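The following briefing covers one protein model, grouped by topic. Please keep the sequence and the structure in view while reading.

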Amino acid sequence: MTDEKPVLVATEADDLTADMVIAELNRRSVPVARFNPADIGADLTVSARFGTCSAPVAGQIRTPSRAVDLATVRSVYWRRPVWPVFDHLGVDDARFATAQVRYGLGGILYAFDGPLWVNHPLRNTAADYKPAQLAVAQRLGLAVPATLVTNDPDEARQFVAGHDQVIFKTLRWTRYQRDGVPVTGWADPVTAAEIDESVRVVPHLFQAVVDKVADIRVLVVGQQVFAVRIESGMLDWRRDYSALSYSVVDLPGPTEKALLAYLDHFGLVSGSFDLAVDRTGGLWWLELNPNGQWGWLQEATGLAMSAAFAELLTQGVAP
């Protein structure tokens, strides 16, 4: 593979969505090297040199089946990588080792200048702050539901009381368990009576509920826009995928233009947007997931989403 221009795919071991894109790349005879940062020290080796040759960075990433010359990488699909946690080490040693991998392996990857990133992890992170998302959406002319981010219980009660229905949403999805049971942060209704002094501990996001009739998930890949209307009858359609029905729709021109500008603002080439459709047909911006799931939508609708990713990664340049 050292004499070809490979695509790097960084993801966890079991990732059916990445598999779909890799299959499309294989059909195009594009070489692919898949790796997971968690495999460092076992099935992943990296070496990079600086200041020793004409190129700013030179070296290799090696897996059991691939050896990739860093100078030849055409694009990087930063899909769903997992960083090592070093459970076998003590707390301090594990914290130290984790930092060395993130800033060593991560630093080598971030030193790339030529390849296209889909998306660069630092840009994903910058685009993943919900308060910033809300402000950018409004600046671009998208309709945004009334939202409050606060750790003031009195202000939260006043906001909730001032709207017909309000939901609480997490500011960042975080994997955790309660009494040994995995907990998922759904969009849940909240009343003023439920708000107590514990709100002071951290900021909370409260949002007025859109009187919606459906949702739309929009996947943007480069300049290709895939919009799927989701019928559910639920406040949060993620609660029961078996109850969903789908239809392919076209977005209004101004909305599509605003979503493309949204990604451009954050320097992203792909992202998944969630919109709500109200009873008059109006669209309300809810959030962006810079690296959202889309594989199940391709299976449900037949839209060529994985082919769009493969084409973008093959070209290796932002549109």
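Rings of Phe, Tyr and Trp (its six-membered ring) are paired if their centres lie within 6.5 Å, and planes under 30 degrees apart count as stacked, over 60 as edge-to-face and the rest as tilted. By that criterion the structure holds 13 aromatic pairs. The model is a predicted one, in which local features need pLDDT of at least 70 and side-chain atom pairs count only at pLDDT 80 or more, while totals for chains, interfaces and linings use all residues. Residues are numbered from 1 along each chain as its sequence is written, and side-chain values use heavy atoms, with hydrogens and water left out.

**Aromatic pairs**

- The rings of Tyr-77 and Phe-309 have their centres 5.4 Å apart and their planes at 35 degrees, so this pair is tilted.
- That pair links distant parts of the chain, since Tyr-77 is in strand S6 (residues 75–80) and Phe-309 in helix H8, 232 residues apart; helices (H or I, at least four residues) and strands (E, at least two) are DSSP runs, numbered from the N terminus.
- Tyr-77 is buried, with a relative accessible area of 1%, and Phe-309 is buried as well, at 3%, where buried means under 20% relative accessible area, exposed over 50% and partly exposed in between (1.4 Å probe, protein chains only).
- Tyr-262 and Trp-285 form a stacked aromatic pair, with 5.7 Å centre to centre and 25 degrees between the planes.
- This pair also links distant parts of the chain, Tyr-262 being in helix H6 and Trp-285 in strand S18, 23 residues apart, and both Tyr-262 and Trp-285 are buried.
- One aromatic cluster is formed by Trp-78, Trp-83, Tyr-110, Phe-112 and Trp-117.

**Helix H6**

- At 1.5 Å a residue, the 14 residues of helix H6 (residues 253–266) should span 20 Å, and the end C-alpha atoms are 21 Å apart, which agrees; the expected span is 1.5 Å times one less than the number of residues.
- Thr-255, Ala-258, Leu-259, Tyr-262, Leu-263 and Phe-266 are the buried residues named in H6.
- These residues cover an arc of only 140 degrees around the axis, which puts them on the same side of H6, the arc being that of the directions from the helix axis to the C-beta atoms.
- On the other side of H6, Pro-254, Lys-257 and Asp-264 are exposed.
- The cover over the buried residues of H6 includes helix H3 (121–126), helix H4 (130–139), strand S14 (212–221), strand S17 (270–278) and strand S18 (283–289).
- H6 is followed by Gly-267, whose phi is positive, near 70 degrees.

**Salt bridges**

- The structure holds 18 salt bridges, each a side-chain nitrogen of Lys or Arg within 4 Å of a carboxyl oxygen of Asp or Glu.
- Asp-188 forms a salt bridge with Arg-239, with the closest N and O atoms 2.3 Å apart.
- Asp-188 lies in strand S12 (residues 188–190) and Arg-239 in the loop between strand S15 (224–231) and strand S16 (245–249), so the pair ties together parts that are 51 residues apart in sequence.
- Glu-24 forms a salt bridge with Arg-28, the closest N and O atoms being 3.0 Å apart, and a network of salt bridges links Glu-24, Arg-27, Arg-28 and Glu-311.
- Glu-24 counts as buried at 15% relative accessibility, whereas Arg-28 is partly exposed at 31%.

**Ser-306 in helix H8**

- Ser-306 is placed in helix H8 (residues 305–315) and is buried, with a relative accessible area of 2%.
- Leaving aside its neighbours within four places in sequence, Ser-306 is in contact with Met-20, Val-21, Glu-24, Trp-294 and Gln-298, contact meaning heavy atoms within 4.5 Å.
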